[in-house]
Amino acid sequence: MSDFVSDFWSYYVGIAVILSIVACAWLLWVMSRGKTTPNRPLKEGEDPRLAVGTTGHVWDETLEELNNPLPGWWAGLFIITIVFSLVYLVFYPGLGSFQGQFGWTSVKQYEAEKQATDAAVAPLYAKFASLTTEQLAANPDAMAVGERLFLNNCAQCHGSDARGNKGFPNLTDNDWLYGGTPEKIHETITKGRNGVMPSMAAAVGSADDVTNLANYVLSLSQSGGDPLKANLGREKFVVCAACHGPEGKGNQAVGAPNLTDGIWLYGFGLDKVIAAINGGHNGMMPAQEGKLSAGQINILSAYVWHLSNKAP
Ligand code: HEC
Ligand code: HEC
């Protein structure tokens, strides 16, 4: 399980690791050899140990730095770390792409931990599995679990209050790109969605045509715009109708937003509409199957549904 693009990097890392360990061992060996011979004549009455193996560093006239080997216990600790690293490298990955005798990988460990957690919480979800969306939505325990799941997995994009942000739809307003039935919400969460609007500038025509059309789009939701230009832009809307529908009411099969409701996924205003026509959009809702269990998706679907539907 290595992501090296070529064997070279595997060898490069492996050799660098081995050389570092050898260098540490060599350093330890050199530094722990016996004391060096006296490097200067003894002064009168001086303890001979002091004249043995100094580094040559002297402070305050007489204060010399001795060059004694490391104490045995200390050198011993280093030897233990070196032996430990060698044993470790035999059993665990560390030498380039060599996997180690245990075949351990972080991915396997993650899978194992995830399985253990899933198994531990399975009874909790089993309790809810037989309930319908409406029943789940009316069940405070289920909704408490749903809220926690939402905060952990969805809030980074849709906001902790699920009201969304530019490009990330509001899930509380009962306005749906892909449909708000429990089945559609479940499908959205499980499989993910990708709303694709290609750049339409070429199909619409000149920059003036684009501006006129954008004014027409604004007029669909009485969102202002110049009525004269809107009139001129009206006929250009045929190229948009394929996805947004002849009246601009959108199409949930392709996730084309309703342009008549005054709710804007990418923000409101002439600039925004012109940008949409010229640049297109590509909204991505990541699929959750594989990441979340069926039981978790079940509860999340009910949680999202209940944000804009009162349970009976
Ligand atoms: C990485 C960002 C991201 C995360 C995480 C994310 N979403 Fe989404 N979601 C989006 C985007 C973007 C869209 C709109 C897709 C589009 O424009 O076509 C979307 C669309 C949706 C829709 C469809 C709304 C509609 O109007 O039809 C639902 C429902 C939804 N998300 C629920 C969830 C839930 C539940 C989670 C947590 C499990 C979640 N999302 C996590 C980005 C995200
Ligand atoms: C191939 C289908 C397709 C065509 C053709 C198309 N659109 Fe779209 N349009 C979409 C989709 C899908 C989205 C949502 C993109 C997303 O979710 O990221 C969108 C988004 C938009 C938005 C943003 C809406 C918002 O709520 O912020 C505007 C405005 C828009 N389209 C206008 C137009 C106009 C004007 C035309 C004609 C020139 C057009 N579209 C043609 C599919 C299409």
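Analyst: Note that this is a predicted model. A place to begin is a polar contact: an oxygen atom of ligand 2 is 2.8 Å from a polar backbone atom of Gly283.

User: Which elements give two or more residues to the shell around ligand 2?

Analyst: They are strand 3, helix 9 (207-220), helix 11, helix 12 (270-279) and strand 4 (281-285). With four residues, helix 11 gives the most.

User: How many residues surround ligand 2, and which are the closest?

Analyst: The ligand is surrounded by 26 residues, the closest being Met197, Cys240, Cys243, His244 and Tyr266. Sorted by class, the shell has 20 nonpolar and six polar residues, with no charged ones.

User: What are the protein donors of the iron atom of ligand 2?

Analyst: A donor is an N, O or S atom within 2.8 Å of the metal. Here the protein supplies Met197 through SD and His244 through NE2, lying 2.0 Å from the iron. Met197 belongs to strand 3 (residues 193-197) and His244 to helix 11 (residues 238-244), so the pair ties together parts that are 47 residues apart in sequence.

User: How is the geometry of that site read?

Analyst: By the angles among the donor atoms. The iron atom of ligand 2 has six donor atoms with angles of 88 to 179° among them, and its site is octahedral.

User: Is His244 buried or exposed?

Analyst: The cut-off for buried is under 20% relative accessible area. His244 has 9%, so it is buried. Met197 has 22% and is therefore partly exposed.

User: Which residues coordinate the iron atom of ligand 1?

Analyst: His158 (NE2) and Met285 (SD) do, at 2.0 to 2.1 Å. His158 is in helix 6 (residues 155-158) and Met285 in strand 4, so this pair ties together parts that are 127 residues apart in sequence. His158 is buried, at 10% relative accessible area, whereas Met285 is partly exposed at 22%.

User: Where is Gln288, and what does it touch?

Analyst: Gln288 sits in the loop between strand 4 and helix 13 (294-308). Leaving out residues up to four places away in sequence, Gln288 touches Ile189, Thr190 and Ile297. Its relative accessibility is 6%, so Gln288 counts as buried.

Conventions. Residues are numbered from 1 along each chain as its sequence is written. Chains are lettered from A and ligands numbered from 1 in the order in which they are written. This is a predicted model: local features need pLDDT of at least 70, side-chain atom pairs count only at pLDDT 80 or more; totals for chains, interfaces and linings use all residues. Side-chain values use heavy atoms; hydrogens and water are left out. Donors are N, O and S atoms within 2.8 Å of the metal (3.2 Å for Na, K and Ca); water is not among the atoms, so sites may look incomplete. Four donors count as tetrahedral if all angles lie between 85 and 135 degrees; four count as square planar and six as octahedral if opposite donors are over 155 degrees apart and all others between 65 and 115; anything else is irregular. Buried means under 20% relative accessible area, exposed over 50%, partly exposed in between (1.4 Å probe, protein chains only). A residue is near a molecule or strand if one of its heavy atoms lies within 4 Å of it. A polar contact is a pair of N or O atoms within 3.5 Å; within protein, one must be able to donate a hydrogen and the other to accept it, and residues adjacent in sequence count only if both atoms are side-chain atoms. Ala, Val, Leu, Ile, Met, Phe, Trp, Tyr, Cys and Pro count as nonpolar, Asp, Glu, Lys and Arg as charged, and the others, Gly among them, as polar. Contact means heavy atoms within 4.5 Å.
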